Amino acid sequence: MISNTKCECGHQNHIGTVLCEACGKPLIELPDDGQMPAEMRYDGVARRSQKANPSWIDRIWNFFSSVKVAVWLIILTLIGASLGTIYPQEDTFINLDDPAAYYKQNYGNFGVIYHALGLSRTYQSWWFIGLLVMIGTSLVICSLDRVLPLYRALAKQQVRKHLQFLTRQQVVYAGAVPGDQNTWLDGFAKQLKKKRYRIWRDGDALLAEKNRFSRWGPYINHIGLIIFLLAVLGRGIPAWHMDQYISIDDGQTVPIPGTNFFVKNEKFTVEYYTDAELPPTLKGSVRPKMFNTKATLYQCTAACDDPTRDPVLERVKTHDIQVNHPLAYKGLKLYQYDFSEQLRLISVSPVIVNKKTGEQFGPFKLPMRNPALTYQVGPYTLELKDKFMDFGLDEQGRPMTKSRDPNAPAFVFLIKGPDLSAGGEPYIYFPKQNDKVKFGQDVLNRAVADKLDIRVNAMKDVSFSEYTTFLNVRVDKAMPFIWTGAAIFMIGVVIGFYWQHRRIWLRFDGGTLTLGAHTNKNNFGLRNEVAAALNRTGIDVPAKSLDNRRKTH
Amino acid sequence: MNHLLDFSGGALIAALLIYSLSFVFFAIAVGGKKWSNREPAEHGRRWGWIAFGAALAGTAAHVTFFVTRWIAGGHIPTSNMYEFMTMLAMAVMLAFIVIYLIYRNILLGAFTLPLAVILIAYASVFPSEIQPLIPSLNSIWLRVHVTTAALGEAFFAVGFAAALVQLLRVVDFTRTDKAGRKARRWTEYTLVVIIIVIGFLVSVFSFRAAGYEADFQQTVVKTVNGQEQTYVQKVKYGLPPFVKPHNSETVSVKPFLGMEKPLFEAPSWMNGVNAGRKLNTIIWSLLSGLILYGILRLVARKQLGAVISPHLSDIDPEDLDEISYRAIAIGYPIFTLGALIFAMIWAQIAWSRFWGWDPKEVWALITWLFYTAYLHLRLSRGWQGSKSAWLAVIGFLVVLFTLIGVNLVIAGLHSYAGVS
Amino acid sequence: MRRNKTLQFVILAAVLVIGGYAVFQSLFQTTAVMKAGNKPPEFRLLGLDGTAHDLSEYKGKPLILNFWGTWCPPCRAEMPALQSVYDRWKDKGVQLVGINLSEEKLTVQNFAREVGASFPILLDRNRQTEKKYGLKQYPTTFFIGADGKIQDIMIGGPLSENDIESRIAKLMNAKS
């Protein structure tokens, strides 16, 4: 390390300083290529990590403050991420009970190795998360380590710089000026002002600077990334995140687990492309054009946690949920996920017909889910004795339900009324016509079937669900932070890449002008700007000849 | 409506022809400087303007294609591989125009225009019919995402072209030491890869023009819920089959040069009939590309790099370095916005999560990480010249893999639902 | 530079805590699927007796929680075994509760009467409780120790009396 940090101009520099903070004179032996050392990026100011006798804390700090380490972390993350795309990840399957077997069966021995190495869960693995954490750390430390010294260097710039500082810049001009030195300097300053430079003068020395804010671009984008990464991490907080799937038939209302909300599927509709709209190769194929769940969101206001009563619901919002158009309410979002065509009865309004007299009674409304236990229809009393959602027979031939969805509903009533025995007679009723035939309703009901009939007269008396819609319910409270982080990142890269910080120093030594100019990006533009200003003030030089790199080659 | 579509197709062909012309003009501008009776600078300037004018005209035709197809289809033409690749070519031309206006470098034209031509030719491999959108693709954010991402990638493409010229410029064909040989070899490899892509296009279009076909079918037995079910999958080859799909039967093969049946079968780990077809296409591309390269080598009697390099001698490699870097620096924010942020917004709205580690997403991230590393190496570690040029070349390969390779390879070998 | 040292320390400590949390989370991800050793999720359900019941009511004594439905043949088949185990243990400190998989009360009542099941049966609604318990197959039976932690999970059925008895023995061993 350098022991003497005091410059000949009298300024006392921090340890690790490469160019004097005040006048820019190199404090170390520079390589003989005539160019500025890389430290010009921070004007040669010492970074925090550059210290003599580092402690263990400094060592960790140094590690993460190194751009070399940062690049390695990026490369490792890149390679790690690519490994995860070789085979599908486990979480792309909704129901994968035995992942090991799946990978073996589908991808053979490679699959076994892939799964054993944990690559089937690459993006949730400790090492991948660890890499992201390290990148985040590197972002924080690299930025802190550089932004403060840079701020210090740019806040107090000296106009007159050391000659060596000027001649070692990327853009350099040295030579005589036409006419009076001061008049020329005024003219040159005016030219630069036209180009929106800010000018400082110190006797016959000049400093012109523009777009300093562009230097903050990298730090702004790093802050954006840090916010983004923290927000991603925040999604892991249980209360911040919810992700579940619910399926709802038309007309059904279901609670959203873990919330006070209920959602009703008023009506699901799907539209397909007609053959006329399809190109020749797709004709005849089923291609959905639009599907829509008209959904109503309810909030429970009372008896929400009381299973002995029905919850009291209050309508909150009705929305047409489509792909790309979720229902959103206070951070809760309902997305259209999928649908299936599944014809199910919701309710029927049958009449009771006295077969002898031909009289009709009713209709009465019979819902498939949670029907009442007694119905009074004309002279008849119906007591619901048993009910099957999906009628079938078990191994012993006893009636049972095959599922809990109303695919083949059956109602067992005890009917009392004219011409029936006083204690009532059992009667099984299948609302669906094909079930009635399939299970032989009339045979099962025997003699009662001759006395009365329960039937639906018209289609208007039947309400049914054609589709079951699948909704994805999400809460993601980290999203505003994700977008904020992304927006800040974009602002940072835009000001960092689309504007360039440019500085021009010049001084006169015995009537000879020496000009040095520096930019962190886009030398080409700076060269042209300097050349144009020189040309307009009577010094005719081609832009290319100002390039310091070229002269030495 | 169909008239408009025909007109649209015509505009693309016009654009393709004008681009080819523009390429020829640029080549004359670069190569003709050493012709006798010419003032080199004046020659370059004049032909450079003519070529750039042609490039502008071609782009205008290309934009006409894009707009008319948009009107005819009712939605922005970016929804299948054909539409995406033609749009990418258009974006490359727009990026080229921007960079050309900044730097006025004719070499850049000589290398970017062939790239646009190759992209359009590649697009034409895919079916060009307009497909109506499925609901998830019907989103303004998807359109914004795809177009912005393509524009960012187009700048990377221009950066790649400049980097390639730079590499050809600085490679030293007189050096015989190890490092010199290595640089030469890798530059030549890069050219070989480009020729293989051309070989692929030549073989596909030749056999398509000749109406070649071969059919195979594969019987797959799957166990679903304990029951064995048999599926028959069919595949049509457009190229004579060296390889047939694994475990498949030949339905029909048109004889080609006496070859009446496939020579090999695809290995078992290549699932599905399409994997076999893709392997066959790869073999054809390699074969025709290498033959093409061999012919060029025989004609030139030296490495192709050594043929091109002398024409580049009056260009400063530093200029090319700057152009390549600048193109990437302009492209990087656009790419980030389009390929990551807009993609996240769309994913959040359409798929209910902003990020799902789907292979396409991951590869967009990998591309981004790669260019992030490039920028850090360049800005903070001082990587310039050949090192950074190589990174720009590799970076564009990563872009191409993200755009094409992911759909071709990952979607082909796995059950992952592919597009195109 | 004294202050900077503190700043460094604070930042590194924050990184360690936040980063450690992230990596820890990736190592011990909690999934919806219940495992032995987990605490069973709370519920509040209507019983066939017409009153509401909480999980906390059953605290302090071993509990067998059987999820079943009348539409599930193995669930139906294991009812007699559950009933006889219930009869044998109800006075010896082992509780047995059936949770019906969101069927209607009438259907459940009829079935319980038919098979002679007299152990307490609660009615899940809208599959909420089964989702909380991460059920994938029916029946699923949880054996919960007196300490309130899941000791064993039997997925599928039908269970034989021996299956249940051997697990009760374990529950009782753990208790003493």
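I began with the order of elements in chain C, which from the N terminus on reads α-β-β-β-α-β-α-β-α-β-β-α, with five helices and seven strands in the chain; helices (H or I, at least four residues) and strands (E, at least two) are DSSP runs, numbered from the N terminus.

I note for the record that this is a predicted model, in which local features need pLDDT of at least 70 and side-chain atom pairs count only at pLDDT 80 or more, while totals for chains, interfaces and linings use all residues. Residues are numbered from 1 along each chain as its sequence is written, chains are lettered from A and ligands numbered from 1 in the order in which they are written, and side-chain values use heavy atoms, with hydrogens and water left out.

**Chain C, overall form**

I looked up the domains, whose bounds come from an automatic or database domain assignment, and found chain C divided into domain 1 (1–30) and domain 2 (44–175), with 46 Å between the two centres, taken over C-alpha atoms. The radius of gyration of chain C is 22 Å, whereas a compact globule of 176 residues would have one near 16 Å; the radius is taken over C-alpha atoms, and the globule rule is 2.2 Å times the number of residues to the power 0.38. Along the principal axes, the C-alpha atoms of chain C fill a box of roughly 85 × 40 × 30 Å.

I then noted that 48% of the 176 residues of chain C count as buried (under 20% relative accessible area, with exposed over 50% and partly exposed in between; 1.4 Å probe, protein chains only). For contacts (heavy atoms within 4.5 Å) in chain C between residues at least 6 apart in sequence, I recorded that 69% join residues at least 24 apart.

**Aromatic pairs**

I counted rings of Phe, Tyr and Trp (its six-membered ring) as paired if their centres lie within 6.5 Å, with planes under 30 degrees apart as stacked, over 60 as edge-to-face and the rest as tilted. By this rule the count is 67 aromatic pairs over all chains. One of them is the edge-to-face pair of Trp483(A) and Phe354(B), at 6.4 Å centre to centre and 70 degrees between the planes. This pair joins two chains, because Trp483(A) lies in helix 11 (residues 479–498) of chain A and Phe354(B) in the loop between helix 9 (317–350) and helix 10 (359–381) of chain B. Trp483(A) is partly exposed at a relative accessible area of 27%, whereas Phe354(B) is buried at 4%.

I next took Phe156(B) and Tyr371(B), whose ring centres are 3.8 Å apart with planes at 15 degrees, so the pair is stacked. The two residues are 215 residues apart, Phe156(B) in helix 5 (residues 140–170) and Tyr371(B) in helix 10 of chain B, and their pair links distant parts of the chain. Phe156(B) is buried at 0% relative accessible area, and Tyr371(B) is buried at 0%.

I also noted one aromatic cluster formed by Tyr123(A), Trp127(A), Phe128(A), Trp355(B) and Trp357(B).

**Charges over rings**

I required NZ of Lys or CZ of Arg within 6 Å of the ring centre and within 35 degrees of the ring normal. The charged end of Lys387(B) sits over the ring of Trp383(B), 4.6 Å from its centre, and Lys92(C) lies over the face of Trp89(C), 5.1 Å from the ring centre.

**Cys23(A)**

I found Cys23(A) in the segment before helix 1 (56–65) of chain A, where Cys23(A) counts as buried at 5% relative accessibility. Leaving aside neighbours within four places in sequence, the contacts of Cys23(A) include Cys7(A), Cys9(A) and His162(A).
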